Amino acid sequence: MTPILLFLVGHWYLSAFCQTFFLHRYASHRMFSMPLFWERFFYALTFLTQGTSYLNPRTYALLHRMHHAHSDTAEDPHSPVFFRSPLSMMWNTLRVYLDIFSGKRKPGPDDDYPRWDAFDRLADGALPRAAFGAGYVAFYAHFATEWWMYLFLPVHFLMGPVHGAIVNWCGHKYGYANFDNRDRSRNTFFADLLTMGELMQNNHHRFGKRVNFAVRWFEFDPTYPLIRALERFGVVRLNS
């Protein structure tokens with residue numbers, strides 16, 4: 001049981017960190033800058049931690065900026081206002097993501113996003129995703145001691161979309177609002193530690209460039225002190 005639990009928790013939080021730190025705060029909002037070496041390091045780390053559900057950073061950034069520009073309107077790719085379930089919401093998100101990735105849809109200026117085309121030609125292929133999937137299954141086959149442990153495998157396969165579904169469904173449906181953002185963004189504080197700060201959506205939609213998603217005295221953004229530590233070591237430089 002212990003190896004399975006450690007693998008699940010480790011995979012969950014490493015992937016959540018890469019999504020909020022690299023894909024969201026860096027690629028989408030440019031809250032901080034970093035040298036090319038570190039950009040490539042976290043680019044690769046995002047690939048390794050998301051595995052089968054790897055999200056292309058440029059496409060993620062364009063999709064996310066589309067969400068902010070049209071929050072909780074019919075043009076929002078993932079608002080719970082227009083969908084009956086998280087599954088239907090994420091199915092629409094996938095459709096829009098693939099349209100942006102293929103170039104069928106261009107929601108905004110295509111510049112100032114991290115790109116590593118040579119890497120993505122490999123990372124976005126079916127073979128690496130299949131290899132990650134086989135690795136997850138092999139790990140469980142070796143360490144699982146009960147049949148029900150295999151029920152965690154879909155979480156590993158769909159780690160990126162699972163995080164996205166939790167953030168976009170809960171963060172625009174449950175919780176409290178500090179600000180009137182003219183949308184339905186909420187701070188789902190009771191579950192925020194699961195997403196490394198991402199569920200303070202109301203705060204973030206009010207201050208889109210603010211690197212610390214916490215605003216009130218009792219709120220805590222677990223990614224923010226990690227970013228400040230990386231700043232101290234010269235890995236990143238805050239832009240505001």
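A nonpolar core, as I use the term here, is a set of buried Ala, Val, Leu, Ile, Met, Phe, Trp, Tyr and Cys residues joined through side-chain atoms within 4.5 Å. Buried stands for under 20% relative accessible area, exposed for over 50%, and partly exposed for what lies in between, with a 1.4 Å probe and protein chains only.

I note that this is a predicted model, in which local features need pLDDT of at least 70 and side-chain atom pairs count only at pLDDT 80 or more, while totals for chains, interfaces and linings use all residues. Residues are numbered from 1 along each chain as its sequence is written, and side-chain values use heavy atoms, with hydrogens and water left out.

Entry: the core.
I looked up the largest nonpolar core and found 45 residues in it, with Phe21, Phe32, Phe42 and Val236 having the most contacts inside it. Two or more residues each come from α1 (2-28), α2 (36-50), α3 (57-69), α4 (86-102), α5 (117-123), α6 (126-143) and α10 (223-232), and α1 gives the most, with 10 residues. Helices here are DSSP runs (H or I, at least four residues), numbered from the N terminus. For Phe42 I listed the contacts (heavy atoms within 4.5 Å); leaving aside neighbours within four places in sequence, they are Phe17, Phe21, Phe22, Met34, Leu230 and Val235.

Entry: helix pairs.
For α1 and α6 I found axes that come within 9 Å and cross at roughly 155 degrees. The axes are lines fitted to C-alpha atoms, for helices over the stretch in contact, and the angles run from 0 to 180 degrees between N-to-C directions. Angles under 35 degrees count as roughly parallel, over 145 as roughly antiparallel, 65 to 115 as roughly perpendicular and the rest as oblique, and α1 and α6 are therefore roughly antiparallel to each other. Their contact is made by Pro3, Ile4, Phe7, Leu8 and His11 of α1 and by Tyr136, Phe139, Tyr140 and Phe143 of α6.

The axes of α4 and α8 (residues 159-170) come within 10 Å and cross at roughly 115 degrees, which makes α4 roughly perpendicular to α8. On the α4 side the contact uses Pro86, Met89 and Met90, and on the α8 side Pro161, Gly164, Ala165, Asn168 and Trp169.

Not counting residues up to four places away in sequence, Met196 touches Tyr13, Ala16, Phe17, Thr20, Arg25, Asp221, Pro222, Thr223 and Leu226. The C-alpha atoms of Met196 and Thr20 are separated by 7.1 Å, although the two are 176 residues apart along the chain.

Entry: cysteines.
I looked for disulfides (pairs of cysteine sulfur atoms within 2.5 Å) and the structure holds 0. Cys18 is buried, with a relative accessible area of 0%, and Cys170 counts as buried at 19%.
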